[in-house]
Amino acid sequence: MKPILQHLVEMTGHRDHLRLEVSVLSTLQKLSGIKEVRALELFTDGGQPHIRPRTWVQDGQLVSTDSEAAADPRKEPLEHYPELMRCVTTQGDSALAHPRPGRHTLWLPVWMHEKVSTCLEITQSRPFSAHKLDVLKGVFLVYQNYQSLLDYSERDALTGLFNRKTFDEQFARNALPGLSSSKPQSAESMISEEVSPTSEPVQNWLAVVDIDHFKQVNDRFGHLYGDEVLILVANILRSSFRSHDRIFRFGGEEFVVLLRNTTLSKAHKVFNRFREAVQEYHFPQVGNVTVSLGFVGTSRGSPVEILGQADQALYYAKEHGRNQVRFYEDLVATGALATKVANDDVELF
């Protein structure tokens, strides 16, 4: 019992979902008789439920991927796992299967907000005893409850998006995916590389989004309708970007998007598609709303510089007509914006 408690203490010391996932799998892997552990991601592709491994054992170490699920060649239709599919459909808490001799599998889906996007898979060579199931489910419940607490602390209460605190913490440790220059090497690393079908380089992009004339919405219609606009814009953001992109609400009417692993031309298209989706949406009572957006690549500069450059592009868009997307480097190249020169703690423009 003592080793399990030590592992639980270590597990709940993490403040990151992926590291917590790696930690609980490491805890389960050390239990006697366990042959294999994985964390599976459940997602929809082409309207059909699919599954793919997100954390697994490779060369004796736990490794993880945070790449786009739909593009993962290892994905499988969920119907290939009938017991797990039945469990998810009926909102069950566990599923057991005996797919072949010497292999017994337990699935534990992680339910959050009445949805499941992650499932722990535990395999051993012998059937699971009642005592073993109790121990496994006990560890899992601690993990699931702590995941819920982490999720609550990381999210904006109104929109459900990641909050400014989460963004700042990730920036502080240089851990926003795509901002770290190191390649994945350990169990806590992320594998997020994609290959561009053209010669155009692929990288990550940071965008700052602002709702145009939002103060007028609050003044004219009241904060209740203003909050509804924020919620609906957050919903459009979710539907406009992929599951492995990151969306934050900074507070007020400002949002930040981290667009992962794509080309500059595709980034322009994706950001403009989002802008047009907002422009064409009919907001109840309020009518039409527009957004302005500034973005920059994340491959150069410190996190603070990157955020500042996206912010400069945003304010250029707002000062020159609003309802538009502006790319920082284009503005610098045309002379519309001057690059800043840092001198100790003083920024000169």
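This tour visits a helix pair, a tryptophan in a strand and a hairpin.

The model is predicted, with local features requiring pLDDT of at least 70 and side-chain atom pairs pLDDT 80 or more, while totals for chains, interfaces and linings use all residues. Residues are numbered from 1 along each chain as its sequence is written, and side-chain values use heavy atoms, without hydrogens and water.

Helices are DSSP runs of H or I, at least four residues, and strands are runs of E, at least two. Contact requires heavy atoms within 4.5 Å; on the α2 side, display H17, L20, E21, V24, T27 and L28, which meet residues of α4 including L136, V139 and Y143.

Next, centre on W107, found in strand β6 (residues 103–112). W107 counts as buried at 5% relative accessibility (buried means under 20% relative accessible area, 1.4 Å probe, protein chains only). Its side chain makes a polar contact of 2.9 Å with the side chain of E121 (a pair of N or O atoms within 3.5 Å, one able to donate a hydrogen and the other to accept it). The C-alpha atoms of W107 and C119 are 6.5 Å apart.

Finally, select strands β2 (residues 48–58) and β3, which pair in the antiparallel sense over four bridges (pairing needs at least two DSSP bridges). Q58 stands opposite Q61 in β3. Between the strands of this hairpin lie two residues, and D59 takes a positive phi near 55°.

Note on methods: Buried < 20%, exposed > 50% of the residue type's maximum accessible area, 1.4 Å probe, protein only.
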